[in-house]
Amino acid sequence: MSNPTVVGFSGNIARPSKTRAFVDFVTRDIAARHGLSASTYDIEDVGPSLGTARWARDLDSQAQPILAQILSADVLVVGSPTYKGSYTGLFKHFFDLIDPAALRGKPILLTATGGGERHALIVEHQLRPLFGFFEAFTLPTAVYATDKDFTDGVLRSEAILKRAAQAVDEIGFVLANRSAGRVAAE
């Protein structure tokens with residue numbers, strides 16, 4: 001049996017990116033605290049085939065392994081910078097290529113970043129409905145961070161770090177309950 005995995009995916013379209021750093025921070029925290037292996041990707045990693053892909057099969061050899069890791073992950077951490085109150089278009093396009101049943105029941109921690117507080121509801125009004133469509137298990141605690149929560153691209157806000165830790169704890173409960181369910185079913 002392979003080591004359980006957590007995969008982070010960020011909708012940033014430029015680097016350096018606070019969003020990618022944030023998603024990677026949370027992904028690595030989950031891995032460290034719950035014994036999972038971790039990987040983090042963004043739109044840049046997926047590469048140029050994403051923009052022209054009409055189906056998942058249209059993704060090139062650079063993008064296919066990333067998609068496969070996302071689909072096989074035990075836990076996902078997703079995040080996007082906020083543009084005009086929503087996630088980035090290429091972030092949405094990437095998930096449009098995924099079969100609607102492929103993420104059913106998968107634990108997903110939602111994160112987002114934005115220039116200010118007025119975009120804080122992106123996780124509730126945009127990301128949660130998107131992953132609700134997939135029937136994924138989005139964690140109750142989502143985390144939104146603004147520009148002021150970062151110093152030199154690193155998350156520094158104690159309040160946001162505390163909220164992220166709460167979400168990471170929730171992943172532990174989900175993983176423990178799934179393990180207990182598997183043991184009981186065997």
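This is a predicted model: local features need pLDDT of at least 70, side-chain atom pairs count only at pLDDT 80 or more; totals for chains, interfaces and linings use all residues.
Student: What sort of pair do F91 and F95 make?

Tutor: Their ring centres are 5.0 Å apart and their planes stand at 55°, so this pair is tilted. Both residues lie in helix α5, four residues apart, which is about one turn of the helix; helices here are DSSP runs of H or I with at least four residues, strands are runs of E with at least two, and both are numbered from the N terminus.

Student: And are F91 and F95 buried or exposed?

Tutor: F91 is buried, at a relative accessible area of 0%, and F95 is buried as well, at 1%. Buried means under 20% relative accessible area, exposed means over 50%, and partly exposed is in between, using a 1.4 Å probe and protein chains only.

Student: What about F133 and F134, how are their rings arranged?

Tutor: F133 and F134 form an edge-to-face pair, 5.4 Å from centre to centre with 80° between the planes. F133 counts as exposed, with 54% relative accessibility, whereas F134 counts as buried, with 3%.

Student: Which residues do the ring pairs link into a cluster?

Tutor: The cluster linked by ring pairs consists of F9, Y87, F91, F94, F95, F131, F133 and F134.

Student: Okay, which residues touch the most other members in the largest nonpolar core?

Tutor: That core has 34 residues, and F9, F91, F94, F95 and F131 touch the most other members. A nonpolar core is a set of buried Ala, Val, Leu, Ile, Met, Phe, Trp, Tyr and Cys residues joined through side-chain atoms within 4.5 Å. Two or more residues of this core come from each of β1, α2 (43-46), α4 (64-72), β3, α5, β4 and α6 (122-133), and α6 gives the largest share, five residues. Apart from it lies another core of 22 residues, among them V75, V77, V143 and V174.

Student: What is F95 in contact with, beyond its sequence neighbours?

Tutor: Leaving aside neighbours within four places in sequence, F95 is in contact with F9, V78, L103, F131 and F134, where contact means heavy atoms within 4.5 Å.

Student: New topic: why is strand β3 called largely enclosed?

Tutor: Seven of the seven residues of β3 (residues 75-81) are buried, so the strand is largely enclosed by the rest of the structure. V75, V77, G79 and P81 point one way from β3, while L76, V78 and S80 point the other way. In a regular strand, side chains alternate between the two faces of the sheet.

Student: How many bridges join β3 to β1, and how many to β4?

Tutor: Strand β1 (residues 5-10) runs parallel to β3 and is joined to β3 by five bridges, with F9 standing opposite V78. Strand β4 (residues 107-114) also pairs with β3 in the parallel sense, over six bridges, and there P81 stands opposite T113. Two strands pair if DSSP finds at least two bridges between them.

Student: Which unit do β3, α5 and β4 make?

Tutor: β3, helix α5 (residues 89-96) and β4 make a right-handed β-α-β unit, meaning that, with the strands pointing away from the viewer, the path from the first strand over the helix to the second runs clockwise. β1, helix α1 (residues 18-34) and β2 make a right-handed β-α-β unit too.

Student: Where is T27, and what does T27 touch?

Tutor: T27 sits in helix α1 and is buried, with a relative accessible area of 0%. Not counting residues up to four places away in sequence, T27 touches V6, V7, G8, A38, S39, T40 and V77.

Technical notes: Residues are numbered from 1 along each chain as its sequence is written. Side-chain values use heavy atoms; hydrogens and water are left out. Rings of Phe, Tyr and Trp (its six-membered ring) pair if their centres lie within 6.5 Å; planes under 30 degrees apart count as stacked, over 60 as edge-to-face and the rest as tilted.
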